[in-house]
Amino acid sequence: GHIIVVNDIGYLPMHAGARIVKIDGKTMVNSFSPRTVPEAADVYTKSGKKAIRRIIRHLRLLCGSKENWITFKQWLAHQVQRPGELILWSPLFQGIEGIGKSFILVLLKAVLGDVNVGVVTPQQVISQFNGWAVGRCVNVLEELKLTGHNRYDAVNALKPLVTDRSIQINEKGVNSYMTLNTANYICFTNWKDALPLGETDRRWWVIQILFRSLAEFEVAVGENLSEYFPALFD
């Protein structure tokens, strides 16, 4: 009579302060650990403010417009302020190789913690196993490009992961099971035909990065890229 009996284990970052959580009539152990999230700074130093300005400038250049930047800034803030709560749509950045799309992945890991951000390859997207869809606040689809006859099947398989409150997980050697969906998604690709999207599809917010060459991007940042990117990532 003195031991709590639970029904299941779940990754529940939206209940970060609780170890035992009741959801939908089930008592669950929360496997999310707040200790995995880096502490926020109490004050901003002069060098810290300079770093923030550099980061904002880079993200604004990728977004291409003030409106896009405001929306994407809110998307980023949501991941930190309301982890585990679904937004129901995903940004998809399309642009030339080497322009710094992957910096967003580094930024997300820096503020959410490495273990709370997943990286999903195109091969994993088209696989029948999707264990990568659980245990993350954000999943990053890198170098996304779906080709061949199964590209529509792959897009359909992604749809519930972006929008559904509960999802079915199929892991190798384990019976499939249902679990709460806590991951928001963001995609990076070099190709304009990365996803076969219909005109009415509301799950993807496509941002086409406007720079056509790295030389053009270098002019925009006003620095040699061999110095610009190390400073940005540092």
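Mentor: Start at tryptophan 205. Beyond residues up to four places away in sequence, tryptophan 205 touches Asn68, Thr71, Phe72, Trp89, Ser90, Pro91 and Leu92. Keep in mind that this is a predicted model.

Trainee: Which strand holds tryptophan 205?

Mentor: Strand E10, residues 204-208.

Trainee: Is tryptophan 205 buried or exposed?

Mentor: Tryptophan 205 counts as buried, because its relative accessibility is 19% and the cut-off for buried is under 20%.

Trainee: And serine 90, how many residues apart from tryptophan 205 along the chain?

Mentor: They are 115 residues apart along the chain, yet their C-alpha atoms are separated by 5.9 Å.

Trainee: Phe72 was on that contact list. Which aromatic pair does phenylalanine 72 form with phenylalanine 93, stacked or edge-to-face?

Mentor: Edge-to-face. The rings sit 5.0 Å centre to centre, with 75 degrees between the planes. Phenylalanine 72 is in helix H2 and phenylalanine 93 is in strand E4 (residues 90-94), so the pair links distant parts of the chain, 21 residues apart.

Trainee: What is the relative accessible area of phenylalanine 72?

Mentor: 0%, so phenylalanine 72 is buried. Phenylalanine 93 is buried too, with a relative accessible area of 0%.

Trainee: Which residues do ring pairs link into a cluster?

Mentor: Phe72, Trp75, Phe93 and Phe188.

Trainee: Switching to helices. At what angle do H2 and H3 cross?

Mentor: Roughly 35 degrees. The axes of H2 (residues 66-81) and H3 (residues 103-112) come within 10 Å. The crossing is right-handed.

Trainee: Which residues make that contact?

Mentor: From H2, Phe72, Trp75, Leu76, Gln79 and Val80; from H3, Ile104, Leu107, Leu108, Val111 and Leu112. Nine are nonpolar, one is polar and none is charged.

Trainee: Now the largest nonpolar core. Which residues touch the most other members?

Mentor: Phe72, Phe93, Ile104, Leu108, Ile186 and Phe217, out of 35 residues. Elements giving two or more residues include H2, H3, E10 and helix H6 (214-221). H3 gives the most, with six residues.

Trainee: What is phenylalanine 217 in contact with?

Mentor: Leaving aside neighbours within four places in sequence, phenylalanine 217 contacts His58, Leu61, Ile99, Phe211, Leu225, Tyr228 and Phe229.

Trainee: Are tyrosine 228 and phenylalanine 229 buried or exposed?

Mentor: Both are buried. Tyrosine 228 and phenylalanine 229 also form an edge-to-face aromatic pair, 5.1 Å centre to centre, with 75 degrees between the planes.

Trainee: How many residues are in the second, separate core?

Mentor: 19 residues, among them Val120, Val155, Ile169 and Tyr185.

Key:
Residues numbered from 1 in each chain as written. Predicted model: local features only at pLDDT ≥ 70, side-chain atom pairs only at ≥ 80, totals over all residues. Heavy atoms only, no water. Axes fitted to C-alpha atoms, helices over the stretch in contact; angles between N-to-C directions. Helix = DSSP H or I, 4+ residues; strand = E, 2+ residues; numbered from the N terminus. Left-handed = near helix turned anticlockwise from the far one by under 90°. Contact = heavy atoms within 4.5 Å. Nonpolar A, V, L, I, M, F, W, Y, C, P; charged D, E, K, R; others polar. Buried < 20%, exposed > 50% of the residue type's maximum accessible area, 1.4 Å probe, protein only. Core = buried A, V, L, I, M, F, W, Y, C linked by side-chain atoms within 4.5 Å. Phe/Tyr/Trp six-rings, centres within 6.5 Å; stacked < 30°, edge-to-face > 60°.
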